[in-house]
Each structure stands twice: as C-alpha cells, then as structure tokens.
Amino acid sequence: MKLLIQRNKQAFSLIKKLKSFLVKIRVVKSKKGSFGYTSEVFLHQNVLIYDTTNANQSNKELSTAFHQLFYSINLYGKTFEQVLIIGFGLGSVVELLQRKCPIGHVIGIESNKDIVDCIHKYYILDHIELLQQDAQTIA
C-alpha cells in the first residue's frame, strides 16, 4: 500500500532529533488564527506535535480515539477513491487511514497558513491536494 504522507527524514539534523528527546523544540509558532487560538508545532521525541491554545491536536490519545471511531463505523478495509479532510493539521488522520485502507486521492483543507507551510516543509505528500482555506468558505 502506498504512503500518501510521510515525514521527510532529512528535515531535521541528527543533533536536533536527539535533542528532542531531552526537550521539546519549537518548530512553528503561529499567530492567532481565525478561530482565536495560537498554534505551535514542536519536535518532541523525534515526532512533530501540533498544539493549540485549547488542545493538543496530534497525540496518542487522539490517534487512539480516531482509531476506535474508524473501527466502530467499519471504515477499515474499505477502498476510497477520494477523501476530504477538513482541519488537516499535520495529517494524522491520513497517517492512520493509510495503514488500513487503500486511498486514491486526498483533499485536505487547513485554515492555518503556518501549518500548511509546515506540512510542505517537513512532510512528503503523494496524491494529497492541500488547500489553505477556511472551511466555512467552501461552496
């Protein structure tokens, strides 16, 4: 099964990766977004973590919750020609789905320009169209 999203392994130096096991390293600090919160991306234990003022957007508990939801609604094992993800973040939903489902093409909507820039800088995307847009403006 092809990987639609994966982290660019050369995006960080070995020293920075090792340092991230000792301290969280801020990679992106965003200004207040349209929803009134500030967001940050950290490298922690060689994993990119997306935090906002109100919630941690990419952690093991969130991944577990999505996994349980996808399992309970029988999503796994199905084939998807196209997937629309509103609130793309760092792509954790795609990472989870791509392990269990063949996916043809993903359209991701993310309102935060800094997060979109972060994705393009630190990830390799294949068959993903990532749009920086407020989902409320989609017609």
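This is a predicted model: local features need pLDDT of at least 70, side-chain atom pairs count only at pLDDT 80 or more; totals for chains, interfaces and linings use all residues.
Asparagine 46 has a positive phi of about 60 degrees, although it is not a glycine. That deserves a second look, because most residues other than glycine have a negative phi. With a relative accessibility of 26%, asparagine 46 counts as partly exposed.

Histidine 127, in the loop between β7 (123–125) and β8 (128–132), is not a glycine either, yet has a positive phi of about 65 degrees. Histidine 127 counts as partly exposed, at 39% relative accessibility.

Now for the charged side chains. Side chains of opposite charge can pair when their charged atoms come close, and the structure holds four salt bridges. One of them joins aspartate 51 to lysine 24, with the closest N and O atoms 3.9 Å apart. Aspartate 51 belongs to strand β4, while lysine 24 sits in the loop between α1 (14–19) and β2 (25–29), so this pair ties together parts that are 27 residues apart in sequence. Aspartate 51 counts as buried because its relative accessibility is 15%, under the 20% limit; lysine 24, at 46%, is partly exposed.

Glutamate 40 takes part in two further pairings. With arginine 26 it forms a salt bridge of 2.8 Å, N to O, which links strand β3 to strand β2 across 14 residues. Glutamate 40 also forms a salt bridge with lysine 29, where the closest N and O atoms are 3.7 Å apart; lysine 29 is in strand β2 too, eleven residues from glutamate 40.

Next, look at the second largest pocket, with a volume of about 310 Å³. Of its 20 lining residues, Ile86, Gly87, Phe88, Gly89 and Glu110 are the closest to its centre. The elements giving two or more residues to this lining are β4 (47–52), α2 (60–72), α3 (92–100) and β6 (103–110). By class, the lining has eleven nonpolar, seven polar and two charged residues.

Ile86 also leads us to the surface, where Leu84, Ile86 and Ile138 form a nonpolar patch with about 280 Å² of accessible area together. Leucine 84 lies in strand β5 (residues 80–86) and counts as exposed, at 54% relative accessibility.

Conventions:
Residues are numbered from 1 along each chain as its sequence is written. Side-chain values use heavy atoms; hydrogens and water are left out. On a 1 Å grid over the protein atoms alone, a cavity is a set of points where a 1.4 Å probe fits but cannot get out, and a pocket is an open set with protein on both sides within 12 Å along at least five of seven lines; lining residues have an atom within 4 Å of a point. Grid points are joined across faces, edges and corners, and a volume is the space filled by probe spheres set on the points. Helices (H or I, at least four residues) and strands (E, at least two) are DSSP runs, numbered from the N terminus. Ala, Val, Leu, Ile, Met, Phe, Trp, Tyr, Cys and Pro count as nonpolar, Asp, Glu, Lys and Arg as charged, and the others, Gly among them, as polar. Patches are made of residues with over 30% relative accessible area and no salt bridge: like charges are joined within 9 Å, nonpolar side chains (Val, Leu, Ile, Met, Phe, Trp, Tyr) within 5 Å. Accessible areas come from the Shrake-Rupley method with a 1.4 Å probe; for residues, only the protein chains shown count as cover. A salt bridge is a side-chain nitrogen of Lys or Arg within 4 Å of a carboxyl oxygen of Asp or Glu. Buried means under 20% relative accessible area, exposed over 50%, partly exposed in between (1.4 Å probe, protein chains only).
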